[in-house]
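Visitor: I would like to learn how to read a structure. Please take it one feature at a time.

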Amino acid sequence: MVRRMPRMQVYLPDELHRAVKSEGLPVSEILQDALRRELARRERLAALDEYLAALSTEVGEPSTEDHEQVDRIMAQLRGEDIQRVG
């Protein structure tokens with residue numbers, strides 16, 4: 001039994017089309033994989049939004065001090081040296 005998949009037309013800029021053709025890339029498989037990854041990413045973002053909304057309801061919104069602490073931690077993780085002005 002042969003299963004037909006629906007077809008979809010995709011438009012590419014000329015230079016991208018030439019590069020894909022010259023490399024002989026399996027465009028359909030690459031696009032399917034990219035779309036699956038994007039859909040999964042969007043599902044994770046939606047789940048994160050739901051979690052954060054529930055967390056905010058449970059413990060409240062973060063304060064200005066909380067945001068500043070996160071900024072300091074993130075700067076340290078990135079290896080940045082931030083100075084407090086005050």
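**The pocket and the chain**

Guide: In this predicted model, 13 residues line the largest pocket, and Pro6, Met8, Ser28, Leu31 and Gln32 are the ones nearest its centre. A pocket is an open set of points on a 1 Å grid over the protein atoms alone, where a 1.4 Å probe fits, with protein on both sides within 12 Å along at least five of seven lines; lining residues have an atom within 4 Å of a point. Residues are numbered from 1 along each chain as its sequence is written. Local features need pLDDT of at least 70, side-chain atom pairs count only at pLDDT 80 or more, totals for chains, interfaces and linings use all residues, and side-chain values use heavy atoms, without hydrogens and water.

Visitor: Which secondary structure does the chain have?

Guide: Helices (H or I, at least four residues) and strands (E, at least two) are DSSP runs, numbered from the N terminus. Here there are three helices and zero strands. With a radius of gyration of 23 Å, well over the 12 Å that the globule rule gives for 86 residues, the chain is more spread out than a compact globule. That radius is taken over C-alpha atoms, and the rule is 2.2 Å times the number of residues to the power 0.38.

Visitor: Is helix 1 largely buried or in the open?

Guide: Buried means under 20% relative accessible area, with a 1.4 Å probe and protein chains only. Helix 1 (residues 14–23) has one buried residue among its 10, so it lies largely in the open. Gly24 follows helix 1 and has a positive phi, near 65°. Of the chain's 86 residues, 2% count as buried.

Technical notes:
Buried means under 20% relative accessible area, exposed over 50%, partly exposed in between (1.4 Å probe, protein chains only).
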